[in-house]
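Colleague: I've got this one open on my screen. Walk me through the strands and helices, please.

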Amino acid sequence: MSKPSPTSARMAHGQLTVLPQQTRGRGAPVNMSGRFETLSRSLFDDGWQGLEDLPAFRTEVFEEKAKTIITRNDSPDISFDRSINPYRGCEHGCAYCYARPAHAYMGLSPGIDFESKLFAKPNAPELLRSELESASYEPRTLALGANTDCYQPVERRLGITRRILEVLAEFNHPAGILTKSALVTRDIDILAPMARKELVKVAVSVTTLDPGLARAMEPRAATPARRLEAIAQLAAAGIPVTVMVAPIIPAVNDAEIESILKAAHAAGAREAGYVMLRLPHEVKDVFGTWLHHALPERAAKVMSLVRSGHGGKDYDSTFGRRQTGSGPYAWTIGRRFELACRRLGLNAARTRLSTAYFQPPPKRGQQLTLL
């Protein structure tokens, strides 16, 4: 891992519309300035070097020395009040990713920068251990992957998520995992014993069963078939699995709700959830540009339906509506999802994670109790 130089960071700020040959295998076709930047730059051909001659974007990983690792929230829309994010940015490159705007806080673009300039927190496991050892700490389920995917490709090399799980297992601390990566199966040796103590559940996001659409929309994530296989492997190991149909994008993957739920149930998922497409801040520009490039014939219809579910706006951030939308279209999606789950027996029972086993392990040199 390296540290970003001031020059490379400044060069990443500008308005940058890149050509397909430079972004092959990436999700965002743009690299606009973050909303906090005062300057913007545009890419144009000045006659000295053709745009076709630009080098391909390469993924860079920078080391971030975090000071704390548990992030807390009081949102009524989600089921957890604390989370851990081992990485900033995500190489999966999903055009719709709601976490993209967070890269603006780093002085980088929510576009290509978000998926090619990543920040890893190698000291996360040590910070977690320190926070869990605090006498004032009260255990509740910790979410991993709530912002960016904790099993994105760089995790295969760095293993930060695995080391976090080792700490959680050592403390008997409950955790919920959300991912669209098959890499989660690597850690079944940790997750299965945790599951036997009601300490873990895994949610796998399946956006589409169409491999072509998946490749265009989330180019570096696992294929739909591999995600279903991951569900099967987790379930076979006794790990509770939820399928997340998320996001549901009008006129893009909404017709697949029932088929995704059926395939995931057959693989072993026993719970399910969904989230409607969210377009906060710069996401609307990244997704909108991708939509006009990838599905130009559907773009107007997609955005019309998106706005119909958000009171005429691209996005409504109001608690209670931002995840599911509002209006007739959003209502129809919700009823279809509920009926499909009922037919399949999904969500018939909910996995409750336990804090009863939580116990900080003895520190080095500390005498063990007999009872």
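Modeller: A word on terms before we start: two strands pair if DSSP finds at least two bridges between them. Helices (H or I, at least four residues) and strands (E, at least two) are DSSP runs, numbered from the N terminus. This is a predicted model, in which local features need pLDDT of at least 70 and side-chain atom pairs count only at pLDDT 80 or more, while totals for chains, interfaces and linings use all residues. Residues are numbered from 1 along each chain as its sequence is written, and side-chain values use heavy atoms, leaving out hydrogens and water.

Colleague: Fine. How many helices and strands are there in the protein?

Modeller: The protein has 12 helices and 10 strands.

Colleague: And what share of the 371 residues is buried?

Modeller: Buried residues account for 52% of the 371. Buried means under 20% relative accessible area, exposed over 50%, and partly exposed in between (1.4 Å probe, protein chains only).

Colleague: Let's do sheets. What is the strand order in the open sheet of 3 strands?

Modeller: That sheet runs S1-S5-S4, with mixed pairing. Strand S1 (60-63) and strand S4 (87-88) are the edge strands, each pairing on one side only.

Colleague: How do S1 and S5 pair, parallel or antiparallel?

Modeller: Parallel: S1 and S5 (residues 117-120) are joined over 4 bridges. Glu 60 sits opposite Lys 117 in S5, and Phe 62 has Phe 119 as its bridge partner there. On the S4 side, 2 bridges link S4 to S5 and the two run antiparallel, with Tyr 87 partnered by Ala 120.

Colleague: Which way do the S5 side chains point?

Modeller: Lys 117 and Phe 119 go one way, Leu 118 and Ala 120 go the other, and all are buried. As background, side chains in a regular strand alternate between the two faces of the sheet.

Colleague: OK, and the sheet of 7 strands: what order does it have?

Modeller: It's an open sheet with mixed pairing, in the order S2-S3-S6-S7-S8-S9-S10. Strand S2 (71-72) and strand S10 (271-276) are at the edges with a single partner strand each, so one side of each has no neighbour in the sheet.

Colleague: How many bridges join S7 to S8?

Modeller: There are 5, and S7 (residues 175-179) runs parallel to S8 (residues 200-205). Ala 175 is opposite Val 200 in S8. Helix H12 (residues 327-344) packs on this sheet, touching S9 (241-248) and S10, and its direction makes about 170° with that of S10. Axes are lines fitted to C-alpha atoms, for helices over the stretch in contact, and angles run from 0 to 180 degrees between N-to-C directions.

Colleague: I also clicked on Ser 83. Is that one buried or exposed?

Modeller: Ser 83 is buried, because its relative accessible area is 7%. It belongs to strand S3 (residues 82-84). Leaving out residues up to four places away in sequence, Ser 83 touches Ile 69, Ile 70, Thr 71, Leu 142, Ala 143 and Ala 146.

Colleague: Back to H12. At what angle does H9 pack with H12?

Modeller: H9 (residues 257-267) and H12 pack at about 30°, with their axes 10 Å apart. The pair therefore counts as roughly parallel, the cut-offs being under 35 degrees for that, over 145 for roughly antiparallel, 65 to 115 for roughly perpendicular and oblique for the rest.

Colleague: Which residues meet there?

Modeller: From H9, Ile 257, Glu 258, Leu 261, Lys 262 and His 265 meet Ile 333, Arg 336, Phe 337, Ala 340, Cys 341, Arg 343 and Leu 344 of H12.

How values were computed. Contact means heavy atoms within 4.5 Å.
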